[in-house]
Amino acid sequence: MTSLQGQRALITGASSGLGADFARQLAAMGCHLVLVARREDRLQALAAELRAKHDVGVEVVAFDLSELGAGRRLFERLQAASLTVDILVNNAGFGMYGAFLEQDAERVGEMLRLNMLTLTELSHLYAGQMRQRRHGYIVNIASIGGYAPSPLYAAYGATKSYVLDFSDALAHELRGTGVTVTCVSPGVTKTEFLDVSGQKPSWFQRLSMMTSEAVVAQSIAGMLRGRRSFVTGRLNAFLIWSLRLTPRFMQLQMIERMMK
Ligand SMILES: NC(=O)c1ccc[n+]([C@@H]2O[C@H](COP(=O)([O-])OP(=O)(O)OC[C@H]3O[C@@H](n4cnc5c(N)ncnc54)[C@H](OP(=O)(O)O)[C@@H]3O)[C@@H](O)[C@H]2O)c1
């Protein structure tokens with residue numbers, strides 16, 4: 001397997017869930033880390049744990065990535081500290097469950113900026129640097145919700161469709177440059193996601209729920225193999241395969257039922 005020893009990973013949304021597990025698994029592979037999220041106490045505790053366990057450098061940056069221009073400001077801060085990034089994990093994100101018209105418009109805006117704009121900005125800035133060095137990995141976290149319109153997650157699902165299409169196209173544009181873009185689409189995963197989105201797990205989600213450790217292990221393996229885009233878990237992969245054979249009006253009905 002390719003060695004990541006001594007490389008540096010920037011992980012957004014590292015204070016819980018998938019981001020914290022990316023930090024744990026990449027540190028165990030010898031990567032230095034930059035951990036970003038808003039809850040600094042959580043990031044500091046994780047950083048202390050990983051420095052002690054793995055003898056790697058861990059920087060903590062408390063940052064609200066849903067603000068306009070947050071990606072550029074974060075990039076400039078890391079540049080000023082001479083922190084080169086070899087692996088960018090665009091993981092920070094949240095969902096909003098429920099009827100779109102009942103949702104707070106301001107929070108929807110925050111979600112769109114975090115899930116799409118910041119991810120795009122960071123990809124632009126870091127892919128540019130990585131291409132110059134002819135080396136780098138970008139991992140973008142989408143969702144199986146991005147593969148079809150998602151009633152009850154209408155705006156969230158659409159942000160993940162954007163991540164899927166954007167990542168695929170960028171991976172294609174960067175082929176042969178030494179920079180790979182891997183888009184990972186998890187299904188429901190045991191993290192703080194559902195608490196934040198305001199949903200109790202549906203019957204389908206209880207049936208298909210994966211652990212965060214397993215999703216991250218598959219993500220890193222996919223990244224190292226240079227995979228462009230994949231769904232984590234066999235059941236999720238089967239669901240997405242079968243959705244492709246289903247007309248759009250039926251997808252809407254199916255997904256609404258699976259989310260209740
Ligand atoms: N869990 C699932 O079922 C599932 C399924 C498909 C896709 N995903 C995707 O997986 C990614 C990770 O989510 P998760 O499941 O690990 O959920 P999580 O446990 O809620 O973690 C979300 C992370 O994003 C960070 N974050 C949220 N708002 C932020 C902001 N404004 N600025 C900076 N960081 C912010 C949170 O940190 P702070 O609150 O400390 O800022 C936290 O570290 C997301 O993109 C999500 O859409 C999750």
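The legends below walk through a predicted model, one close-up view at a time. Residues are numbered from 1 along each chain as its sequence is written. Because the model is predicted, local features need pLDDT of at least 70 and side-chain atom pairs count only at pLDDT 80 or more, while totals for chains, interfaces and linings use all residues.

**View 1. The whole protein, before we zoom in.** The secondary structure comes to ten helices and nine strands; helices (H or I, at least four residues) and strands (E, at least two) are DSSP runs, numbered from the N terminus. The radius of gyration is 18 Å, close to the 18 Å that the globule rule gives for 260 residues, so the protein is as compact as a globular protein of that length. That radius is taken over C-alpha atoms, and the rule is 2.2 Å times the number of residues to the power 0.38. Along its principal axes, the C-alpha trace spans about 50 × 40 × 35 Å. Of the 260 residues, 42% count as buried. A residue is buried if 20 or more other C-beta atoms lie within 10 Å of its own, exposed if 12 or fewer, and partly exposed in between, with C-beta atoms placed from the backbone. Among contacts with a separation of 6 or more, 69% join residues 24 or more positions apart; two residues are in contact if their C-beta atoms, placed from the backbone, lie within 7 Å.

View 2. Not counting residues up to four places away in sequence, Leu33 touches Ala9, Ile11, Ala23, Leu26, Ala27, Leu50, Val56 and Val58.

**View 3. The shell around the ligand.** Here 28 residues surround the ligand, the closest being Gly13, Gly17, Arg38, Gly93 and Phe193. By type, the shell divides into twelve nonpolar, twelve polar and four charged residues. In this count, Ala, Val, Leu, Ile, Met, Phe, Trp, Tyr, Cys and Pro are nonpolar, Asp, Glu, Lys and Arg are charged, and the others, Gly among them, are polar.

View 4. Let us step from strand to strand. S1 and S4 pair in the parallel sense over three bridges, and Leu10 has Leu88 as its bridge partner in S4. S4 in turn pairs with S5, again in the parallel sense, over four bridges, with Val89 opposite Val139 in S5. Six bridges then join S5 to S6, which run parallel; Tyr137 has Thr180 in S6 as its bridge partner. Two strands pair if DSSP finds at least two bridges between them. In S4, Ile87 and Val89 point one way and Leu88 and Asn90 the other way, and all are buried. Seven of the seven residues of S6 (residues 179-185) are buried, so this strand is largely enclosed by the rest of the structure.

**View 5. Thr12 and its surroundings.** Thr12 belongs to strand S1 (residues 8-12). With 28 other C-beta atoms within 10 Å, Thr12 is buried. Leaving aside neighbours within four places in sequence, Thr12 is in contact with Gly19, Val36, Leu65, Val89, Asn90, Asn91 and Ala92.

**View 6. Two loop residues with positive phi.** Ser82 is found in the loop between helix H3 (70-80) and strand S4 (87-90). Its phi is near 55°, a positive value in a residue other than glycine. Ser82 counts as exposed, with 6 C-beta neighbours inside 10 Å. Leu152 is in the loop between strand S5 (136-141) and helix H5 (154-173), and its phi is near 80°, a positive value in a residue other than glycine. Leu152 is partly exposed, with 19 other C-beta atoms within 10 Å.

Terms used. A residue is near a molecule or strand if its C-beta atom, placed from the backbone, lies within 6 Å of it.
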